[in-house]
Amino acid sequence: MPDPAALSDLDAGPSGLAVSLRGVTKVYDSGVEALGPLDLDVRSGEFVSLLGPSGCGKSTALRLIAGLNAPTSGTVRVSNRADRAQTGQSIGFVFQEPTLMPWASVRENVRLPLKLARVPVAEANARINAALAQVGLAEFADSFPRELSGGMKMRVSLARALVTDPDILLMDEPFAALDEFTRFRLNNDLLSLWGNLRKTVIFVTHSVFESVYLSQRVIVMTARPGRISAEFRIDAPESRGEEFRTSAAYAGYCREVSKALAPSYDENADR
Amino acid sequence: MKPPPATPIPAAKARPKSKSKRRALDVVRILLPVAVLAAGIAVWGLVVRLNDIPPYVLPGPLMVFHTLVNDWPVLWQSLLTTLLTTLEGFAAAAVGGIALALLFNQSRWLEYSLFPYAVILQVTPVIAIAPLLLIYLPQQTAVIVCAWIVGFFPVLSNTTLGLNSVDRNLAGLFQLYGASRLQTLRYLKLPAALPFILGGLRIAGGLSLIGAVVAEIAAGSAGAGAGLAYRIAESGYRLNIPRMFAALLLLSVAGIVIYGLLALVSHLILRRWHESALGKES
């Protein structure tokens, strides 16, 4: 558990920026222009979706924010709490695949970020248990990844991202490979986690419905090189559920967002 | 309404059937080679007896067995010598192969400069290298070096393959959390390479025995410290064919035991997570 000082430090800047990109581009060595130029501000505690066709560079944007790749030009700024030793600790990353170590139990998979940061074992154990409880997997701590369903593996991946108590959660199409029912459940769980923890979430997806259901703000991107083509603020109650999913407002948002997304796909088809 | 009640019944029946079928198959898989062995020995004995073949041409199975029992003190001593050489060669191959692969993985320059020589060492027949080694090295060392030369390459190439097959996203995760080189090696690359390393070791075990035998034959040393391969050569000169067979039998058994032990170790280490050790039920 973080000490109170750290918490107040985080609370001090709810209106501050968590992530700020200015004129960011990415050209891969192969000459492919993947991204940009892109300007993006994400407020602290905000839930933002990046929505776009496959290969539009939204995953690239996420990797740049995480510091996994360097931008070709432009600046990437990520706010960092004063008590953090490394930037890595302030960011949690959830990949499209669960990306678990098959040789390690659920507990050891979740322990990884803490082990790499050399957190003392007793403290690490408490935090692992808390993170597993948050995603509802407390009973499966000693299972191995292969013994879990796809949805459960994704939950482990989420617990691993949460265990460092990051300020920012980056999610790269995390539920894309799951069946619809599991996906709905994980969406709801993610929303309630976000409601409790108030992390900044940047969520990459190619599903209009998912982005509208989850986010406060949906950012629509064009086909490669990815740029922002439209932005939607989703004004809906923060405790969303089946009621919101079946509401006329939800359907209206989805229609608008789909309309904004359509040109990106046409462009894609032309190539 | 008819299909729903109809389907569960054959399904429920089919399950125990397939299970017992599988068990029967397992028994057959063990029984068949044993039956072939027994038949082979019986035919061998018959051929020797019916044709009155003298033991210095082809001894019967019973005679080989008697030799095995009577010459046990000599053969046992030789077996121990060969096994010790094999073990030392195997240990050197394991340590050397894994260490070289780790070095290559850390430095591309080193890999580019040295890997071709590892291949050359591997493709040059050890039987041709052994006499040279015996000139320059003390005999015991030369024998171990031979076992090492034959055994280390599969370990090296398998470990290299394993270290290079790390999941890209997992590597990204380690980078994100600021893992040091050593941490990445210890917590990511080595565990990911483990199934490959164990596969290499399984091959190296048998090859080390071959290397030891080849070197012993090339060395041709006599006396108390002589290995099984030397016993075979020596018995050949003396036309003690039954002892040749007995020593050969022991070598075969040693090879089987080495392979079985390494397969068992590999299974025990990987059984909780790796596909190769999970069996058919999951």
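How many bridges pair strand β1 (residues 17-27) of chain A with β2(A), and in which sense? There are 7 of them, and the sense is antiparallel. Here are my notes on the rest, point by point.

1. Ground rules. This is a predicted model, where local features need pLDDT of at least 70, side-chain atom pairs count only at pLDDT 80 or more, and totals for chains, interfaces and linings use all residues. Residues are numbered from 1 along each chain as its sequence is written, while chains are lettered from A and ligands numbered from 1 in the order in which they are written.

2. The three-stranded sheet of chain A. The order here is β2-β1-β4, in an open sheet of 3 strands with antiparallel pairing. Two strands count as paired if DSSP finds at least two bridges between them; helices (H or I, at least four residues) and strands (E, at least two) are DSSP runs, numbered from the N terminus. β2 (33-43) and β4 (73-78) of chain A each have a single partner strand, so one side of each is left without a neighbour in the sheet. On average, neighbouring strands are turned by 15 degrees against each other, direction ignored. If you want a spot to look at, Lys26(A) stands opposite Leu35(A) in β2(A).

3. The six-stranded sheet of chain A. A second open sheet has 6 strands in the order β5-β6-β7-β3-β8-β9, and its pairing is mixed. The edges are β5 (91-94) and β9 (228-233), each with a single partner strand, so one side of each lacks a neighbour in the sheet. From one strand to the next, the twist averages 15 degrees. As background, strands of a sheet pair through backbone hydrogen bonds, either parallel or antiparallel.

4. Strand β3(A) and its partners. With strand β7 (residues 200-205) of chain A, β3(A) pairs in the parallel sense over 5 bridges, and the bridge partner of Phe47(A) in β7(A) is Val201(A). With strand β8 (residues 217-221) of chain A the pairing is also parallel, over 4 bridges; here Leu50(A) has Ile219(A) as its bridge partner. β8(A) in turn is joined to β9(A) by 5 bridges, and these two run antiparallel. In that pair, Arg217(A) stands opposite Arg233(A) of β9(A).

5. Burial of β3(A). Strand β3 (residues 47-51) of chain A has 5 of its 5 residues buried, so it is largely enclosed by the rest of the structure. A residue is buried if 20 or more other C-beta atoms lie within 10 Å of its own, exposed if 12 or fewer, and partly exposed in between, with C-beta atoms placed from the backbone. Both faces are covered: Phe47(A), Ser49(A) and Leu51(A) lie on one side, and Val48(A) and Leu50(A) on the other.

6. Helix α2(A). This helix (residues 58-66) is mostly covered, with 9 of its 9 residues buried. Just after α2(A), Gly67(A) takes a positive phi of about 85 degrees.

7. The core. The largest nonpolar core holds 132 residues, of which Ala159(A), Leu170(A), Ile202(A), Cys146(B) and Ala215(B) touch the most other members. Such a core is a set of buried Ala, Val, Leu, Ile, Met, Phe, Trp, Tyr and Cys residues joined through C-beta atoms within 7 Å. Its largest share, 18 residues, comes from helix α9 (residues 181-219) of chain B. Beyond its neighbours within four places in sequence, Ile202(A) is in contact (C-beta atoms, placed from the backbone, within 7 Å) with residues including Val48(A), Leu50(A), Leu62(A) and Leu170(A).

8. Chain B. There are 11 helices and 0 strands in chain B, and buried residues make up 34% of its 282 residues. Helix α4 (residues 72-106) of chain B packs with α9(B) at an angle of about 135 degrees, their axes 8 Å apart. Axes are lines fitted to C-alpha atoms, for helices over the stretch in contact, and angles run from 0 to 180 degrees between N-to-C directions.

Note on methods:
Contact = placed C-beta atoms within 7 Å.
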